Amino acid sequence: MAVSFYLKAAGCLLIIAGTSGWGSWMAANYQNRIKLLEQLRQMVLLLKGQILYANAPLQEGFETVGRRTDGPLADLFSQVAGRIEQQQGETFCQIWKEEVGNLEKEAALSRADRQSLAALGEHLGFLDKDMQERNLLLYLEELDMAIEELRAHKQERCRLYTSLGVMGGLFLTVLLL
């Protein structure tokens, strides 16, 4: 009988620890999404500078931005530059969408973030500098709004995720007992 009690207690503690860990993971993922969007904003600004002020072609601009930064987004820019350099008959838009589609492994970016990023590639590469600048500025505005919204809700969402993790674990243990 004593062993049964200890097994139940250990199981309850494991459930609470697991759901609490899941809630903490969700909160960390939310914060990581903000960091990735901020990094993406910096990268787009660097790309804009390369296109407008350095008069660099897209391949060189993407390569430079990919080298100056790190992380999965830097890999995206470097891979796009490499594929442009190979010139296998694909348009820039196709290359960009495929490479952004490969970003789905990155859990922190939401589907809307990836769709917005993929849409950016539709207007780069074939327009003049002014139109490319306008498109980059429009995308930067969208990013700024998304980042601001995420920051505004950061504290309450992170608290909500961790609280739901703990409370969900407590609820499951009550149901199982």
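Modeller: Start with contact, which means heavy atoms within 4.5 Å. Ala-56 touches Gln-50, Ile-51 and Gly-61, not counting residues up to four places away in sequence. Before we go on, some ground rules. This is a predicted model, so local features need pLDDT of at least 70 and side-chain atom pairs count only at pLDDT 80 or more, while totals for chains, interfaces and linings use all residues. Residues are numbered from 1 along each chain as its sequence is written, and side-chain values use heavy atoms, with hydrogens and water left out.

Biologist: Where does Ala-56 lie? Is Ala-56 buried or exposed?

Modeller: First, the helices. Helices (H or I, at least four residues) and strands (E, at least two) are DSSP runs, numbered from the N terminus. Ala-56 lies in the loop between H1 and H2. Next, burial. Buried means under 20% relative accessible area, exposed means over 50%, and partly exposed is in between (1.4 Å probe, protein chains only). Ala-56 is buried because its relative accessible area is 8%. Ala-56 and Arg-33 are 23 residues apart in sequence, and their C-alpha atoms are 30 Å apart in space.

Biologist: Which residues are buried in H2?

Modeller: Helix H2 spans residues 58-68. Its buried residues are Leu-58, Gln-59, Gly-61, Phe-62, Thr-64, Val-65 and Gly-66. Their cover includes helix H1 (2-52), helix H3 (72-86) and helix H4 (92-101). Here is a general idea to keep in mind. An α-helix has 3.6 residues a turn, so residues three or four places apart point the same way.

Biologist: At what angle do H1 and H2 cross?

Modeller: Axes are lines fitted to C-alpha atoms, for helices over the stretch in contact, and angles run from 0 to 180 degrees between N-to-C directions. The axes of H1 and H2 cross at roughly 140° and come within 9 Å. That makes H1 oblique to H2. The angle classes are these: under 35 degrees is roughly parallel, over 145 roughly antiparallel, 65 to 115 roughly perpendicular, and the rest oblique.

Biologist: Is that crossing left-handed or right-handed?

Modeller: A crossing is left-handed if the near helix is turned anticlockwise from the far one by less than a right angle, and right-handed if clockwise. The crossing of H1 and H2 is right-handed. On the H1 side, Met-43, Leu-46, Leu-47, Gln-50 and Ile-51 take part. They meet Leu-58, Gly-61, Phe-62, Thr-64, Val-65 and Arg-68 in H2. By class, this contact of H1 with H2 has 7 nonpolar, 3 polar and 1 charged. Ala, Val, Leu, Ile, Met, Phe, Trp, Tyr, Cys and Pro count as nonpolar, Asp, Glu, Lys and Arg as charged, and the others, Gly among them, as polar.

Biologist: How do H2 and H3 pack?

Modeller: Their axes are 8 Å apart, at an angle of about 150°. H2 and H3 are therefore roughly antiparallel to each other. H2 passes H3 in a left-handed crossing. From H2, the contact is made by Leu-58, Gln-59, Phe-62, Glu-63, Val-65, Gly-66 and Arg-67. From H3 come Ala-74, Phe-77, Ser-78, Val-80, Ala-81, Ile-84 and Glu-85. The classes in the contact of H2 with H3 are 8 nonpolar, 3 polar and 3 charged.

Biologist: And what does Arg-83 touch?

Modeller: Arg-83 lies in helix H3. Arg-83 is buried because its relative accessible area is 16%. Not counting residues up to four places away in sequence, Arg-83 touches Glu-90, Ile-95, Glu-98 and Glu-99.

Biologist: Last one: how many disulfides are there?

Modeller: A disulfide is a covalent bond between the sulfur atoms of two cysteines. The rule asks for a pair of cysteine sulfur atoms within 2.5 Å. By this rule the count is 0 disulfides. Cys-93 is partly exposed, at 22% relative accessible area. Cys-158 counts as buried, at 10%.
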